[in-house]
Amino acid sequence: MKKTIQDLKVLRNKKLTSDFFELELKAAEPLPELYPGQFVQVLIDNVRNVFLRRPFSIHDVNYQQNTFSLLIKLAGPGTRQLSYTEEGDFLNIIYPLGKPFTLDVQGDILLVGGGCGIAPLLFLARYLYDNKNIAPDILIGGKSADNLPDIDKYKAFGRVFLTTEDGSLGMCGLVSDHTLLQKECQKYSMLYACGPEPMLKIIAGIAKEKLIECEVSLENLMACGIGACLCCVVDTVDGNVCTCTEGPVFNVKRLKFS
Ligand SMILES: Cc1cc2nc3c(=O)[nH]c(=O)nc-3n(C[C@H](O)[C@H](O)[C@H](O)COP(=O)(O)OP(=O)(O)OC[C@H]3O[C@@H](n4cnc5c(N)ncnc54)[C@H](O)[C@@H]3O)c2cc1C
Ligand code: FES
């Protein structure tokens, strides 16, 4: 898939919670075809010690408006600088990067997201709803209600189930403790998950034990994002591969991490 490097105009920077914000970006040229699970590399200017581009999943796409959005959780200096971005600023972006989720699916589908791992799930839910006539179940977890940004948007495409570690919204506990995964997951023909590695390992274990197809999107540290620096390798049944070019989405049967 051809990658492009473009200066994209920031149409909106919306603060969603104390640590999440959403950037809506507009391209001057028609958007390339974008698929759920793919990511972009954003250049962050004028910040000490932030030399490398930062990777973010494509959160949502609007081809009519020629825009797409990023859902970003504050983590360090790069994301903090991006949170100061103003309407009318331009961001230099390389995209689309990485391999998307498998999109030729049918039956009941479960999407699971934790932390900033919920970012690619909105685009995935929209894609399944619009193109496959599938309204997936969407299970989202965070530390507290404040870590669950813009949940209503997901409700447009499927049933939404929530967990919080402090019990402030939805079921109290970790997303991987939810009944949908622990007791009912055999009804699903595919699980898609994105979030912290411990969460992905538990979900991969459940999928393998119950013989359910499962794809996870890894958030390994990245530098170049194009397969040149080898800093993002992950151990698979085919040996070490770059997460940025062979992933970030992997079928759990291919990964050696569970
Ligand atoms: C393919 C991919 C897609 C991603 N999509 C999103 C997204 O949609 N929204 C979002 O908010 N974040 C996403 N991330 C994570 C995001 O790239 C990092 O949070 C960001 O690069 C941190 O930059 P920083 O300069 O703010 O913090 P840094 O100073 O670089 O890091 C701050 C802290 O976060 C840790 N950290 C940095 N990068 C990662 C990472 N990739 N995974 C786990 N911990 C990390 C560091 O070890 C450090 O402890 C994604 C990462 C990858 C690889
Ligand atoms: S980030 Fe450089 S090879 Fe993957």
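A: Three elements each supply at least two residues of the shell around ligand 1: strand β4 (54-57), strand β6 (67-73) and helix α1 (77-83). Keep in mind that this is a predicted model. Of the elements, β4 gives the most to the shell, with four residues. In total, 21 residues surround ligand 1, and the closest are Gly76, Gly78, Thr79, Cys116 and Ala119. If you sort the shell around ligand 1 by class, you get 13 nonpolar, five polar and three charged residues.

So where in the protein does this spot sit? The chain is divided into domain 1 (4-97) and domain 2 (109-251). Both domains give residues to the shell, so ligand 1 lies between them.

Now let's follow β4 and β6 into the sheet they belong to. Seven strands make up this open sheet, and if you walk across it you meet them in the order β4-β3-β7-β1-β2-β6-β5, with antiparallel pairing. At the edges you find β4 and β5 (60-62), each of which pairs on one side only. On average, neighbouring strands of this sheet are turned by 35° against each other, ignoring direction. As a bit of background, strands of a sheet pair through backbone hydrogen bonds, either parallel or antiparallel.

Zoom in on the β5 end of the sheet. Here β5 and β6 pair in the antiparallel sense over three bridges, and Asp60 stands opposite Ser69 in β6. Helix α2 (residues 119-132) packs on the sheet, where it touches β4, β5 and β6. The direction of α2 makes about 50° with that of β5.

Across the boundary, 20 residues of domain 1 are in contact with 20 residues of domain 2. On the side of domain 1 that touches domain 2, the elements giving two or more residues are β3 (39-42), β4, β5, β6 and β7 (90-97). By class, that side of domain 1 has 11 nonpolar, six polar and three charged residues.

Definitions and conventions:
Residues numbered from 1 in each chain as written. Chains lettered and ligands numbered in written order. Predicted model: local features only at pLDDT ≥ 70, side-chain atom pairs only at ≥ 80, totals over all residues. Near = placed C-beta within 6 Å. Nonpolar A, V, L, I, M, F, W, Y, C, P; charged D, E, K, R; others polar. Domains from an automatic or database assignment. Pairing = 2+ DSSP bridges. Axes fitted to C-alpha atoms, helices over the stretch in contact; angles between N-to-C directions. Contact = placed C-beta atoms within 7 Å.
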